Amino acid sequence: MKLFYVLINYQQLLKITIAILFVLIFNLFINPIYSQEVNSKELLPKWNKPVIFDRFGKKYELKDIDLNLKRDLQEEDILSTHVFSCNNSIIPDLSNYILNANPNGVFSGNGVVNTNGVFSFNPAIAGIGSHVIEYLVNSTIGCPSYIIKREIEVTSVCPKPFISQTYAKGTESTYIEIKNPSTTETIFAGTYFAVLYDGVNTGGMPTSSFDIGILLPGEVKVFQTPNASVPNYAAIGLNLFPIDFTFDGQSDVLVLSTSNGITAFNDRIDLVGTDGTDWCLDKSLVRSNCAVQYPRIDAFDLEDWVEFTLDEIENEYGENSKTNAVLGRHNDDTLTWNTSWTDGSTDESNPDRSRRINIANNYNTSLDGGSFEACSLTVLDNQILKITANDYVSSEGFVNVQDNAVINVENNGSLVQVKDQFQGTVGTDLITRGTNSQINISRTTVGLDAYTDYVYWSTPLANLPINNNTNTANNLFPSPPFNSSRFYGFENANFQDIPNWFNGASSTSPYANGYDDNLDDYFILTPTQRAQQLNAGLGYITWPPSACGTNCNYTITFSGTPNNGEITVPVYHNAPSNTYTNLVGNPYPSAINLDRFFEVNAGLIDPVAFVWGRSLITDDTPISGNPGPYPLSYNEDSYLIYNPTMIIVPNSFGNAAFDDPLGDGISDSGDLSSCQSFFVQTTTASGNLIFNNSIRTKVANNNFAKNSNHQSVEKDNKLWLNLKNDKASSQLGIAFLEKGHNEYNSKEDVKNIVGRSLSFYTKSTLEDLIIDTQSNFNVDNTIPLGVTCLKDSNQELSISIEKVTGDLKNKTIYLEDKLLKIIADITQKPYTFQSDLKFIDDRFVLKFNNLKSSNEVSKNEVNIIFNNSYLEIISATKKIKKIVLNDIYTQSFNSTEIEQLENLNCNNISVCIDEKYKIISVKVILEDGNVITKKMIK
């Protein structure tokens with residue numbers, strides 16, 4: 001019975017099914033019957049064919065329909081027109097395109113986005129190509145569902161504009177340069193807005209905004225703030241667009257966006273600036289061709305930009321320079337040298353540091369267009385880049401030398417890299433080389449006229465396996481013709497000079513003061529060391545090739561991968577002698593700026609460098625009688641002394657290894673050539689000295705071991721004085737600066753090099769100074785001078801002016817001789833005098849009027865007695881407030897303080913002195929501030 005019931009039910013179900021199918025077939029093909037809510041125009045919505053949306057660089061084409069129901073309706077059920085913005089914009093609601101169909105369908109397909117039941121089309125998601133869009137409608141009365149398919153074709157990439165340059169000169173003159181990168185598509189008005197957040201939260205309403213308007217293919221448009229003056233570097237015929245919109249690069253965030261309301265930051269397509277930083281104040285930033293991506297929305301990265309100072313762009317990059325630095329001009333493709341500079345633009349272009357550069361044909365800086373800059377440099381296969389004397393080639397980041405390609409850096413040329421790290425690549429990894437490629441750096445000595453002329457070298461090559469066979473003493477300074485026993489390194493950690501006795505030169509231990517006690521600082525390289533690579537950042541010295549006659553100049557060519565990026569060198573502050581002299585060297589194939597070098601290493605070293613020159617008086621020949629540990633020693637006055645204030649040539653007959661190639665003497669002095677080593681002093685402790693790319697410079701690399709006097713022309717009030725006898729010369733410098741200090745300041749002043757046979761120094765402070773920086777000049781200024789002459793007695797000496805700068809050129813300069821009661825005008829001629837004293841510290845005063853000195857303490861009022869083991873100081877009338885004792889026999893770049901006693905408030909004091917001190921300087925400060933200084937010899 002149960003089985004029968006089931007069979008009957010199946011039979012009934014089959015009948016019902018057949019009936020339903022009959023009704024459906026009838027409805028579809030014979031006599032359609034619909035619900036009252038549906039009419040004939042609602043069944044099959046129809047896409048118009050073809051509809052092309054072409055605006056702002058995107059083309060969308062709706063192709064012929066492909067109906068799954070074989071029926072053609074004549075009514076047009078889809079809106080036939082629509083305005084798109086760009087590929088970052090969307091069709092916000094696809095249902096708006098349905099005229100007469102059931103609106104409750106579902107859209108699907110590539111690029112379709114369902115947001116809470118609202119369907120949009122985003123061509124940026126869909127991408128280039130044909131995309132099928134389906135519309136599915138489900139019947140509400142039991143009729144079958146139906147689907148309509150259409151194709152939308154995205155035929156081109158929609159351009160996104162980007163900010164290509166910003167310029168801010170305070171708040172009075174600001175510019176924004178915006179480019180359309182497309183060469184075929186136009187960006188129309190109403191699409192993009194420049195939006196400013198001036199110190200406000202980027203999640204809120206922007207401070208201000210403006211519509212960037214229409215940008216034709218490749219067009220660069222410049223917007224200026226009200227009343228901004230047109231800068232000198234604006235492109236010829238530049239059309240500026242005034243805007244009521246001001247930014248100054250201080251805590252500003254500037255974006256390009258598809259909206260300008262509260263969602264503008266979320267809708268951004270480009271981002272420039274960082275809240276809380278002065279990213280563009282008083283400078284111009286130009287978008288680099290080497291940027292990883294642009295426009296960029298994730299972050300503002302200065303690595304994507306190159307900076308130009310206002311002075312650079314207004315004076316060096318004029319409207320005719322044809323570079324990206326020009327306001328209103330920006331090319332974002334690679335610039336190639338192929339007998340001329342070419343890129344994708346129809347206009348002529350020239351290099352600047354925002355451009356990626358390819359060398360596709362041989363390039364010679366002296367013949368083909370001079371020095372140039374790039375954001376990245378590639379020398380293509382088989383090509384040669386030659387950088388000649390006084391020229392440079394600079395890359396912000398990468399240097400790529402392809403197969404069989406060559407970079408030749410000739411003598412006095414420079415290869416410069418700007419960034420230590422670029423796009424995640426660090427140091428020498430920024431230099432890539434192909435098979436059989438070469439990088440050669442040449443350096444030629446100047447003025448060598450004897451085989452005993454030492455030159456202080458450093459290597460520009462990196463300690464890399466690729467340089468194993470080239471960066472060695474055996475390869476660079478082969479023996480013969482070089483004398484391997486006269487090629488030295490310097491072990492900074494070994495220098496110790498504990499004072500011994502006052503007996504001049506000695507060839508047996510203990511050695512003369514001013515030299516390492518056991519002579520293990522300089523060392524001859526062993527055969528093993530000669531086969532190893534030279535160390536970057538250290539100094540080496542050598543004689544010229546043997547048997548060179550009177551012309552002993554020579555050229556060394558360093559072949560290999562050069563140093564780049566940060567290099568650290570250990571430097572030492574040695575106990576117990578408290579000596580702190582270290583030999584280091586320029587490690588780059590370009591000049592370095594010592595002022596920047598001092599800033600990088602502030603706190604570790606004093607801002608002073610000592611560079612070995614060559615005394616033409618002695619022809620660089622070691623002679624007997626010079627202080628030193630050997631029977632024959634070099635003239636100890638052959639070190640040039642540099643600090644940020646000025647340069648001193650202790651022996652004015654000798655050379656200056658520095659030069660001032662640009663002639664202004666302000667920012668360009670202190671540029672030290674490639675391959676040059678020099679001495680520095682640690683301040684208080686040992687540490688790691690840092691070289692990095694920030695200290696590299698593009699100025700002429702032409703002062704290596706140079707045999708000429710420094711010729712800077714300086715604007716500040718500075719004065720150089722010489723002290724001479726018939727055998728030697730010593731120089732001091734005085735600067736009057738607005739920010740100078742009358743008291744001793746290690747950042748401005750340089751102490752005397754004690755232990756020299758002839759020394760000249762000021763005594764305006766408690767230290768003997770060879771560079772003395774004072775505050776602003778006043779005609780009533782007086783500077784006491786001191787003289788030390790250890791070698792000869794009853795000799796004739798002269799004091800003369802070497803050079804004056806600034807307003808001092810128009811002043812009369814006097815020297816007062818208090819012993820002879822003479823005030824001499826030394827602007828007319830040198831002052832000559834006789835003396836048999838070794839120390840003359842209270843005789844001469846430099847003055848700028850001819851009034852005699854007064855209100856001074858007589859030297860007879862203070863009596864100083866120096867015995868073997870004690871020092872006694874007696875003041876007849878005024879109480880002694882403070883005394884400072886210094887050892888000044890030890891020849892070093894600074895004297896060594898023995899003792900300092902303060903708050904004494906007495907007329908008589910005795911101090912025990914160790915017998916090892918043979919010559920000391922005694923400074924007595926009295927209660928009224930007067931200072932008495934005497935040098936005492938046992």
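Helices (H or I, at least four residues) and strands (E, at least two) are DSSP runs, numbered from the N terminus. The structure is a predicted model, in which local features need pLDDT of at least 70 and side-chain atom pairs count only at pLDDT 80 or more, whereas totals for chains, interfaces and linings use all residues. Residues are numbered from 1 along each chain as its sequence is written, and side-chain values use heavy atoms, with hydrogens and water left out.

An open sheet of mixed pairing is formed by six strands in the order 19-18-20-23-26-31, two strands being paired if DSSP finds at least two bridges between them. Strand 19 (341–342) and strand 31 (431–433) are at the edges with a single partner strand each, so one side of each has no neighbour in the sheet. Strand 18 (residues 335–337) runs parallel to strand 20 (residues 356–359) and is joined to it by three bridges; W337 has I359 of strand 20 as its bridge partner.

Strand 23 (residues 376–379) contains T378, which is buried at 12% relative accessibility (buried means under 20% relative accessible area, exposed over 50%, partly exposed in between; 1.4 Å probe, protein chains only). Leaving aside residues up to four places away in sequence, T378 touches I357, N358, I359, N400 and Q402, contact meaning heavy atoms within 4.5 Å.

The whole structure holds 20 salt bridges, each a side-chain nitrogen of Lys or Arg within 4 Å of a carboxyl oxygen of Asp or Glu. One of them pairs D332 with K179, with the closest N and O atoms 3.5 Å apart. D332 lies in the loop between helix 3 (310–315) and strand 18, and K179 in strand 9 (residues 173–179), so the pair ties together parts 153 residues apart in sequence. K179 is buried at 6% relative accessibility. D333 forms a salt bridge with R355 at 3.4 Å between the closest N and O atoms; D333 is partly exposed at 27% relative accessibility, whereas R355 is buried with a relative accessible area of 1%.
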